[in-house]
Structure formats: C-alpha cells, structure tokens
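Please open the structure in your viewer and keep the selection panel at hand.

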Amino acid sequence: MTQELTSPSPAPQAAGPDGARGWWRDAVIYQVYVRSFADSDGDGIGDLRGVRDRLPHLKELGVDAVWLTPFYASPQADGGYDVADYRAVDPLFGTLADAGDLIRTAHDLGLRVIVDVVPNHTSDRHPWFQDPELARQRYVFRPGKGAHGELPPNDWESVFGGPAWTRTDRGDWYLHLFAPEQPDLDWERPEVHEEFAAILRFWLELGVDGFRVDVAHGMIKAPGLPDIGHGEQARLIGSQVLPFFDQDGVHAIHRTWRRLLDEHTGSSGREVIGVAEAWAPSVERLALYVRPDELHQAFNFQFLNTPWEVAALREVIDSSLAATVAVGAPTTWVLSNHDVVRHTTRLGGLARARAATLLMLALPGSAYLYQGEELGLPEVVDLPAEARQDPAFFRGRLGVDGSEAVGASGTSGQDGFRDGCRVPLPWSGELPPYGFGPGGSWLPQPVDWGRLSVAAQTGDPASTLELYRSALALRRRLPGLGDGEMAWQPAPAGVLALRRPGMLCAVNTLDRDVEVPVPGELLLASAPVAADGGSAVLPGDSCTWWAI
Ligand code: NOJ
C-alpha cells in the first residue's frame with residue numbers, strides 16, 4: 001500500500017547567522033567522542049585542539065554541525081559523563097581558550113557546535129557533593145531500610161549493574177542511576193534548576209549552537225521512589241516507563257530550557273537547539289520530548305534498535321514519522337553512537353551498514369553520525385580486559401545486592417562493552433596510532449586499520465568515506481531530501497522503496513539479488529548495480545538512490 005506521510009510546515013523559527021530557519025530540522029550532525037577523535041599533544045587521549053585541527057575533515061564530509069561529548073573537568077569515572085565542574089575544561093582535553101578557539105574555527109568553516117550537558121547527575125567530586133550539608137540538600141539521599149538502615153532504600157538497579165544506591169560513611173544512602181561516582185541530583189530543588197540555567201547560559205555566551213541533553217528522561221523520579229519488584233531492570237529501559245525514567249515531570253524542565261534557548265536565539269539571532277538523549281518506551285512517548293515548547297530533537301533509538309528486516313524497518317519509520325509529525329517535529333535518525341555496538345557489526349557487516357546509512361539519509365528529518373562510521377569502522381570486539389575503561393564493564397557483573405551475579409545488558413546498550421566503539425580513529429599511515437596523534441592511543445587499535453584510515457579511503461570511489469561524502473553532497477543538492485514528504489512505493493518482497501520529492505530510494509534487505517523497477521538515473525549506490533532501462537538488479541544488502 002502506498003502511504004503518504006507529510007510533515008506540517010516547520011514552526012516559525014528565528015533565523016541563524018546564515019539566515020537558515022529551522023536549520024536543525026534536516027541537519028546532519030556528526031558526533032565527536034573527544035577522547036578518541038584526534039590527539040594534539042601525544043598523551044594518547046584526544047583533545048580539543050585535535051578536534052579543531054581536524055575540522056576540515058568534517059567540512060569536507062559535508063555535515064552541518066558537530067556534537068562534542070563532555071570535555072569538562074571530570075575524574076573520568078564514566079568517560080567524562082561524571083562532571084566535577086561544568087564551566088571548566090578538563091586538562092586532559094585542553095583549556096577554555098581551546099574550547100572557544102574550536103567553536104570559532106567551526107563557525108568560520110560554517111559548522112555549528114553542540115555540546116553535551118549532563119543534568120541527571122554530577123561527579124562525586126563536584127563541590128556540592130563534597131560538602132555533606134549541600135550534598136544532602138541537592139542530591140537524592142534517603143535513610144536505609146532494615147533494623148539499622150543497612151539495606152538500600154528501594155530495589156532500584158543502576159543502569160551499569162548492581163544497586164542504584166551507595167551508603168555513605170555517615171550511614172545514609174544516595175541514589176546513582178549510573179556509577180557510584182555519579183550521584184543523582186535532586187531536581188525538586190530550585191538551586192539545581194538555577195545552576196543548570198546558569199551553565200547553559202555560560203556555554204551559550206561562549207558561542208555554542210545547542211546542547212545534547214544527557215539522560216533527558218531521568219531527572220525526575222516517581223514520588224515516594226517506589227520499588228519495582230524485580231531485577232534485571234536495565235533490560236526494561238526503552239520498553240517500559242520505570243519509576244526512575246521517563247516520568248512526566250521531566251517535561252517541565254525541558255519547557256523551561258526551551259524558553260531559555262529561545263530567549264538566546266531571540267537576543268543573539270543564532271538559533272540554538274536542544275537534543276534529548278531520552279530512552280522512552282515508544283516513539284509516541286519519545287515525541288513528547290519534541291513538542292513545540294520542549295526540545296528540538298530526540299534521538300530515535302527505536303530506529304537504531306530495529307533489525308535489518310523490511311517489515312520492522314517500515315513499521316518503525318512509519319510510527320516514528322507519525323509520532324513526530326503529530327507534534328510538528330522532524331524525526332532524528334541515528335544508527336551509531338558511543339554507547340552502542342557500531343552498526344557495521346550490529347547489523348551484520350559493512351554492506352548492510354552502508355545500505356542502512358543511505359536509507360537513513362534518505363528519510364525525512366535530521367540524522368546523527370558517529371565518528372568513524374564514515375570509515376565503516378567495525379566494533380572492536382577483542383579488547384583486552386585490562387585496556388577497558390567502561391564502568392559498565394566492571395559493574396555489569398554485579399547483582400542488586402552488589403554480589404557478582406547478572407549482566408547489566410539492556411536495550412539502553414550500556415552493556416559494559418562500550419569501549420569497542422570508542423577506539424581512536426585511524427587518520428593515516430600503516431601502523432598504530434594511524435595519525436591519531438604524536439603518541440599512542442588510550443585504547444589499542446586493530447592491526448589492520450591502516451586500510452580504513454581517512455587517507456587510505458580518500459579518492460577511492462568504492463570506499464565508505466567517499467560514499468558518505470557523496471551522500472551528504474547529494475543531500476545538499478537535492479531540495480527534496482531532508483525534512484519534508486515521503487511516500488512508500490510498491491516493491492518486491494524484501495525490498496523497501498520510498499519516494500522523496502525528486503528521488504527514489506530502494507533498499508534490498510535480502511542477501512541475494514532482486515530485480516526492481518526504477519525510475520531514471522542512478523544517483524548513488526552502496527554496492528555496484530546493474531541497471532537496464534526501467535529496471536535494475538539490486539545486490540543483496542544494498543541501497544540505491546534514483547533521480548525521478
Ligand atoms: C548517556 C551517555 O551517552 C553515556 O555514555 C553515559 O554513560 C550515561 N548517559 C550516563 O551519563
């Protein structure tokens with residue numbers, strides 16, 4: 001059945017510096033995992049100068065904006081998602097001057113910059129948590145259960161495994177939905193709201209174009225912190241509302257933040273945005289985060305988690321578009337990030353990954369790319385345990401009572417194996433660290449990554465890098481791509497065909513050739529295609545774009 005899905009006209013937006021209205025509605029945004037992108041000083045850890053020096057790669061790739069993962073002062077218990085000072089750059093990554101320099105250089109190149117903000121929790125080294133009096137006021141402290149308060153206040157589990165509570169030497173317990181080094185803030189307290197508003201303003205003044213809001217579904221907990229009644233709770237994230245995630249109360253915070261962002265847009269003329277990292281149980285609940293008075297974008301993890309299969313893909317695309325169209329927002333597609341297995345490996349090979357990317361970039365809305373996917377990097381699955389740093393790796397084996405018991409793997413993807421997608425990028429050369437920096441690299445790189453480097457792939461028309469460059473160039477050239485209309489076309493079993501204004505995208509999800517009717521000139525293909533007049537033979541696991 002052919003179904004027409006039409007996005008409503010974009011809501012009126014203030015213009016950006018280049019006059020673009022609603023730039024984010026169809027933007028392609030590239031995620032830089034700072035410690036693994038490029039290292040300027042030889043300590044083996046990527047840094048802000050490294051990012052700045054490599055911005056021309058992103059310009060040439062053709063993305064619109066860059067999202068930088070946290071580079072703030074942090075003991076690095078969770079790769080910087082444990083922030084000790086939200087207004088300072090960690091010396092590992094550089095200085096505040098380097099951050100300003102990076103933002104200016106990006107803007108000069110026409111790239112916008114989004115930074116992470118981590119409001120659900122701070123580091124346990126944050127000055128508020130270090131002061132026992134302030135800590136009790138601004139974090140979630142509760143007395144323990146049991147005759148002597150020796151049991152946790154409830155049965156909640158940390159996303160990283162083990163109990164979500166730790167007892168202090170003062171005898172009370174604090175909540176940490178992630179690592180014990182990441183105590184949850186108490187968002188019932190006005191000081192917490194005021195502090196984060198000030199943090200947002202600080203970075204806006206420095207010139208950022210928006211924020212990726214970490215755990216945007218987490219700040220508000222169900223009243224009374226009720227027990228869940230069973231274990232393995234991390235497995236339910238993304239499929240059920242839990243008393244600690246996706247509570248309706250979080251939306252009031254996003255509304256306040258949207259007003260703050262809009263005020264800045266109004267006064268600066270630069271349209272600044274918020275993107276929610278929200279694990280919601282359905283695309284409909286996810287769409288609540290992008291209502292007109294909330295955040296602009298929310299990563300579509302339902303799409304990311306969809307198997308390579310026609311019915312499932314079609315269903316998630318339809319339901320995602322319907323849910324976001326209903327609130328006037330675009331859908332924000334994503335296939336990889338620093339928390340999940342790279343899609344080359346997750347989907348079962350590079351052919352599928354290339355096809356999935358071309359499908360994603362043909363869909364209405366915006367898309368996020370994760371560094372290294374443009375090189376077709378696979379997940380590194382054989383990292384030695386002693387090299388790993390993901391706290392979930394070490395805690396994933398803990399049961400709720402703290403004993404070695406269950407795994408923490410869940411649909412959230414925070415399964416303890418996140419180091420495998422965080423291996424530093426190969427830029428050039430035949431030997432590690434492949435141009436990553438003048439020293440080594442904080443995680444070992446595979447011995448065969450020389451052939452995957454940016455230098456090795458540049459100019460090779462069959463390379464994944466050139467495929468991404470061509471796709472992004474076409475996305476800019478074809479006005480019908482990005483935000484707007486989409487309609488399914490009839491297609492043989494195993495094939496998805498969708499029409500955008502001026503373009504048809506055909507995806508063969510089977511592992512064998514399929515002949516399909518095609519309208520005209522071949523624009524782009526993830527694998528070699530034989531076309532003859534009005535039909536073409538699509539190789540297995542491929543995606544093609546055709547001019548109409
Ligand atoms: C989501 C981030 O993407 C992840 O890396 C981090 O561990 C958790 N939030 C906790 O901040």
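Helices (H or I, at least four residues) and strands (E, at least two) are DSSP runs, numbered from the N terminus. The model is a predicted one, in which local features need pLDDT of at least 70 and side-chain atom pairs count only at pLDDT 80 or more, while totals for chains, interfaces and linings use all residues. Residues are numbered from 1 along each chain as its sequence is written, and side-chain values use heavy atoms, with hydrogens and water left out.

Select Pro433, which sits in the loop between helix H12 (391-395) and helix H13 (454-457); a cis peptide bond, with omega about 5 degrees, joins Pro432 to Pro433.

Now show H5 (residues 190-205) with H6 (residues 250-268), whose axes (lines fitted to C-alpha atoms over the stretch in contact, with angles from 0 to 180 degrees between N-to-C directions) come within 11 Å and cross at roughly 30 degrees. H5 is therefore roughly parallel to H6, a term for angles under 35 degrees.

Finally, select the ligand and look for its oxygen atoms: a polar side-chain atom of Arg212 lies 2.9 Å from one oxygen atom of the ligand, and a polar side-chain atom of Arg418 lies 3.0 Å from an oxygen atom of the ligand; a polar contact is a pair of N or O atoms within 3.5 Å.

Definitions and conventions
Angles under 35 degrees count as roughly parallel, over 145 as roughly antiparallel, 65 to 115 as roughly perpendicular and the rest as oblique. A polar contact is a pair of N or O atoms within 3.5 Å; within protein, one must be able to donate a hydrogen and the other to accept it, and residues adjacent in sequence count only if both atoms are side-chain atoms.
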